[in-house]
Amino acid sequence: METVNNEYYSFQVNLQGMISLLSEHLYSNPGTFIRELLQNAVDAIAAFRQLDEHLIGDIRITLPDAGPAGNPFVFQDNGIGLKENEIHEFLSVIGESSKRKSAEDARTFIGRFGIGLLSCFVVSDEICIETRSAFDATGFRWTAFNDGRYRIETLQETMPVGTKVCLTPKKSHAHLFRPENFIPQIKFYGDALPEKITIRTGKEEKVLNEQPPVWLHPDTSKEALLQMGKELFQTSFIDAVRLRTEAGECEGVLYILPYKTQFSARQHHRIYLKRMLLSEADNGLLPSWAFFVKMVVNSNTLSATASREFFMQNDLLRAARKEIGKALKSYLKNIRNIDFEIYQKIIQIHFLHLKAIAAEDTEFLSLILDDLPFETNKGFRTFKDIREHFPVIYYCADYEEFRQVQRIAEYQGALVVNVAYTFEEDLIKKIKGMQPELNIREMSSSKLLETFTDISEDEKKAYRAVLKKLEQYTKPFNCVMQLKYFAPADTPAIFTRGDEDFTSATIKKIKANDNPFAGALGSIQQRAEAVNTFCLNMNNGLVKNLLTIDDDYMLQAITEVLYVQALLMGKYPVSEKQLLLFNNALHSLLVMGMKNFIQI
Ligand SMILES: Nc1ncnc2c1ncn2[C@@H]1O[C@H](COP(=O)(O)OP(=O)(O)OP(=O)(O)O)[C@@H](O)[C@H]1O
């Protein structure tokens, strides 16, 4: 293929377009220039420190005065500065950076893309930089305009080694330079920096980071770390765990939250890169199961993306995450022996997250299993309590199933565990494998129904008349009457809600399983959609006697009492109307009893 006119052309960069791209898309907040200036100053000091290891970093910021004749905005460092050729090479070429000459540079410097300085154009139409290199006696002034022009002058006056950035705030962004906005931002990004940051407003001068961050000091007590966590996140954490990784050279503190969190909840953290704040998002440093943790952490060797708001998702980050996960697990494994009170608090609040971990870690599971609480039809119980008190441990892996089954199980005195979360089902199966001596069985409504036996054809004939009467009594409650044999015999009746039990779905399921019981359920299926079921237990002596009673008045009263009693036993809400019915029926029975009418 031939080029038109046999010529090559160069791409042109529209600087205004670049600025708007950076300000509106890449950098999420207009205060980004503060972070970029700070980071350039820190990098310049780090570069100088390679020549003079005793250099004490000094960053001085002057905020502009309100009046037109007041101080301009100046951001000054005592870093390595720039020679004239470096000004042309690095400052004046977008995308060029002096910080990626060697592999070692990535360890030393935060910047690498050569675009950070452009963020100053978001807040100022002009950038003026005075700089003197550590290798030069002369200083230079570089003035750049947002239309792409720049100018270099030799400074007549002497200046110390370092760099001074002067900006003239745009009217629209002048508020960002006011002390009340600027100081919190610079503190936010620079509170952990080792370089001294001094800020001057009017005639006042103040050092912003006098104290080094306590969380980076290895001798800081747990109390002091907790206190710091409280100030930082306004939360009284359960515990503070020191953290150190080889990959990414991370160092910091993991805080255990004192409240329950959702699995999808995103926590705010404080993530630093080379001691400058990078982000409050977790950035993939925490394992996916660690939702109950907040962290303050600094990494010396992970890499930031160009937006400087995230870490690059690479192998090093993954290795660091693995180490953090390991450290957290090892803490959880040990805390039981170190501080049982803290351990119990963690279990009580974060058991769901711990179960998720235990489902994948057998050693961890065996350590905490007995203390883990499970939701059962008899309330929350620890596994120890469950295995000690119930010879058979039933479980339901589906919440709807659990809701259906728990009531019937309740009548039968059985214990059913709700393992609706996927990892809980995995967990219970794992426990089954680990402790085969335990009788752990899956339960479902269809399985429970299978334990109910229909009455015989002869019995149906014999009880047809009385059943008709009973149906009339329960009709106002939208109830289907049934006579079945089921355990335990001392439960006279059970109630199940139409949408919970004998639904067409359940019946379909039983049919699909080729269950011989399905035929017996056929008649119910037609009425199944909305109606409730009131099922009398033919194993129960009282029920058997009830069916032989001739007195309609008494038959109705006993039926109504049994009905409300079944509601109560199944933990269904009892309406005022039903309670009134119960009282009236009981009253009738008492009256009849007193007249010595009851002979059962
Ligand atoms: N305060 C400073 N002292 C010395 N050199 C500086 C200073 N600020 C900027 N520079 C020079 O200007 C270059 C461009 O700076 P810029 O902030 O645009 O990008 P960077 O810091 O290299 O990379 P990044 O875009 O990742 O921040 C730097 O590589 C550095 O050589």
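Mentor: Arg308 is buried, with a relative accessible area of 5%. Buried means under 20% relative accessible area, exposed means over 50%, and partly exposed is in between, with a 1.4 Å probe and protein chains only. This is a predicted model, in which local features need pLDDT of at least 70 and side-chain atom pairs count only at pLDDT 80 or more, while totals for chains, interfaces and linings use all residues. Residues are numbered from 1 along each chain as its sequence is written, and side-chain values use heavy atoms, with hydrogens and water left out.

Now the setting. Arg308 sits in the loop between β13 (293–299) and α8. Helices (H or I, at least four residues) and strands (E, at least two) are DSSP runs, numbered from the N terminus. The backbone deserves a look. Phi of Arg308 is near 60°, a positive value in a residue that is not glycine. Most residues other than glycine have a negative phi. Gln234 also has a positive phi, of about 50°, and is not a glycine. Gln234 lies in the loop between α7 (222–233) and β9. At 66% relative accessibility, Gln234 is exposed; Arg308 is buried.

Next, the ligand. There are 21 residues around it, and Arg308 is among those that come nearest, with Ser97, Ser98, Lys99 and Ile115. A residue counts as near if one of its heavy atoms lies within 4 Å. Helix α2 (32–49) and helix α3 (84–91) each supply at least two residues of this shell. α2 gives the most, with four residues.

Polar atoms come next. A polar side-chain atom of Ser97 lies 2.6 Å from a ligand oxygen. For Asp77, a polar side-chain atom lies 3.0 Å from a ligand nitrogen. The protein covers 96% of the 590 Å² of accessible area that the ligand has on its own. Accessible areas come from the Shrake-Rupley method with a 1.4 Å probe; for residues, only the protein chains shown count as cover.

Lys329 is in α8 (residues 315–338) and Asp361 in the loop between α9 (340–358) and α10 (362–368), so the pair ties together parts that are 32 residues apart in sequence. Asp361 is buried, at 12% relative accessibility. A salt bridge is a side-chain nitrogen of Lys or Arg within 4 Å of a carboxyl oxygen of Asp or Glu.

The whole structure has 33 salt bridges. One of them joins Arg107 and Glu249, with the closest N and O atoms 3.1 Å apart. Arg107 lies in helix α4 (residues 103–108) and Glu249 in the loop between β9 (239–244) and β10 (250–256), so this pair ties together parts that are 142 residues apart in sequence. Arg107 is partly exposed at 42%, and Glu249 is partly exposed at 29%.

Strand β9 itself holds Asp239. Asp239 is buried, with a relative accessible area of 1%. A polar contact of 2.9 Å joins the side chains of Asp239 and Lys222. A polar contact is a pair of N or O atoms within 3.5 Å; within protein, one must be able to donate a hydrogen and the other to accept it, and residues adjacent in sequence count only if both atoms are side-chain atoms. Leaving out residues up to four places away in sequence, Asp239 touches several others, including Leu254, Tyr331 and Ile342. Contact means heavy atoms within 4.5 Å.

Last, the packing. The largest nonpolar core has 124 residues, and Phe33, Phe75 and Leu285 have the most contacts inside it. Apart from it lies another core, of 51 residues, among them Val416, Met443, Ile494 and Leu581. A nonpolar core is a set of buried Ala, Val, Leu, Ile, Met, Phe, Trp, Tyr and Cys residues joined through side-chain atoms within 4.5 Å. Beyond four places in sequence, Phe75 is in contact with residues including Leu37, Leu38 and Ala41.
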